[in-house]
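I opened the notebook to go through this structure piece by piece.

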Amino acid sequence: MSKVLYIKANIKPEGKSRTYSISDEFINEYKKNNPNDEVITLDLYKEGIDFLRGEDLSVVFGPKNEESRNHKVLKYAYQFKEADKYVIAAPMWNLSIPAILKAYIDYISVTGITFKYTAEGPVGLCEGKKALFVSSRGGDYSNAITSNFEMEERYLRTIFAFFGIKDFKTIIAENVDVQGIDVDRIVNEAKDKSDKLAKEF
Ligand SMILES: Cc1cc2nc3c(=O)[nH]c(=O)nc-3n(C[C@H](O)[C@H](O)[C@H](O)COP(=O)(O)O)c2cc1C
């Protein structure tokens with residue numbers, strides 16, 4: 001039985017968010033294919049994820065013990081570490097991820113939990129886990145020139161690799177804000193990909 005952490009980072013609610021329409025499709029199909037797995041939904045806005053504050057640093061870099069498990073920052077790092085699979089749903093905002101998702105990553109990047117420092121440099125502590133990133137974007141970042149501006153998927157893929165998670169898949173609906181484009185077709189294609197991937201994720 002696997003534990004799936006479904007991380008949601010959008011101010012738009014279900015029913016309005018194109019990203020969530022794709023990621024929810026994936027989660028529903030995944031549940032059908034894996035009825036015994038546990039899916040934990042973590043909506044970062046509902047959770048009220050804050051910025052890392054000065055007073056948090058001593059805990060983030062301090063000893064990791066039973067007491068630290070319930071700390072308001074560290075509890076997210078422990079929860080992340082305890083999951084086997086991750087589904088991250090976020091739209092592209094200003095070429096990158098919404099700030100609340102970056103704030104969450106600052107919460108879970110904790111030495112001694114998700115990575116550690118060694119004489120050879122940092123080493124991820126989440127090896128063997130897998131991730132899926134679901135997003136939608138107003139424009140197209142898939143060609144040789146525009147892909148240089150894309151700091152959403154590239155950042156998440158890199159920070160997940162830093163945690164030791166190399167199996168990082170993506171389902172991204174691009175061009176959804178282009179005037180006259182058939183948005184439903186683009187979103188439905190992404191949903192079809194979700195249905196297929198949900199069978200083997
Ligand atoms: C604050 C904000 C910033 C955005 N920045 C970009 C951007 O840099 N590039 C882009 O292609 N689309 C951008 N968009 C458009 C969204 O990525 C696009 O509409 C997406 O489908 C929204 O997903 P949602 O329906 O799940 O909220 C931005 C939208 C918002 C609200």
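**Entry: Asp56.** I started with Asp56, which sits in the loop between helix 2 (44–47) and helix 3 (57–60). I am working from a predicted model. Is Asp56 buried or exposed? I found a relative accessible area of 2%. The cut-off for buried is under 20%, so Asp56 counts as buried. Next I listed what Asp56 touches, leaving out residues up to four places away in sequence. The contacts are Phe51, His71, Lys72 and Val73.

**Entry: Asp184.** I then turned to another aspartate, Asp184, in helix 7 (residues 183–198). Asp184 is exposed, at a relative accessible area of 57%.

**Entry: salt bridges.** How many salt bridges does the structure hold? I got 15. Side chains of opposite charge can pair when their charged atoms come close.

Pair one is Asp24 with Lys8, and the closest N and O atoms are 3.6 Å apart. Asp24 belongs to helix 1 (residues 18–33) and Lys8 to strand 1 (residues 3–8), so the bridge ties together parts 16 residues apart in sequence. Asp24 is buried at 18% relative accessible area. Lys8 is buried too, at 5%.

Pair two is Glu29 with Lys32, where the closest N and O atoms are 2.9 Å apart. Both residues are in helix 1, three residues apart, which puts about one helical turn between them. An α-helix has 3.6 residues a turn, so residues three or four places apart point the same way. Glu29 counts as buried, at 16% relative accessibility. Lys32 is exposed, with a relative accessible area of 61%.

Arg137 counts as buried at 3% relative accessibility. Glu174 is buried at 18%. I followed the shared partners from here. Salt bridges join Arg137, Glu150, Glu152 and Glu174 into one network.

**Entry: helix 6.** Which residues of helix 6 are buried? I noted Glu153, Leu156, Ile159 and Phe160. Looking down the axis of helix 6, I saw these buried residues fall within an arc of 140°, so they line one face of the helix. I then asked what covers them. The cover includes helix 4 (74–82), strand 3 (85–89), helix 5 (99–108), strand 6 and strand 7 (167–173). Just after helix 6, Gly164 takes a positive phi of about 100°.

**Entry: surface patch.** I looked for nonpolar side chains on the surface. Leu95, Ile145, Phe149 and Met151 form a patch there, with about 380 Å² of accessible area together. I picked out Ile145, in the loop between strand 6 (130–136) and helix 6 (153–162). Ile145 is exposed at 61% relative accessible area.

**Entry: the record.** Last, I checked the annotation. The unreviewed UniProt entry gives "domain: Flavodoxin-like fold" for residues 2–196. In the model, that span is 34% helix and 20% strand. Its end C-alpha atoms lie 19 Å apart.

Note on methods:
Residues numbered from 1 in each chain as written. Predicted model: local features only at pLDDT ≥ 70, side-chain atom pairs only at ≥ 80, totals over all residues. Heavy atoms only, no water. Patch = residues over 30% accessible without salt bridge, like charges linked within 9 Å, V, L, I, M, F, W, Y side chains within 5 Å. Areas by Shrake-Rupley, 256 points an atom, 1.4 Å probe, with all protein chains shown as cover. Salt bridge = Lys/Arg side-chain N within 4 Å of Asp/Glu carboxyl O. Helix = DSSP H or I, 4+ residues; strand = E, 2+ residues; numbered from the N terminus. Buried < 20%, exposed > 50% of the residue type's maximum accessible area, 1.4 Å probe, protein only. Arc of directions from axis to C-beta. Contact = heavy atoms within 4.5 Å. UniProt positions renumbered as here; feature names shortened; annotations may be inferred.
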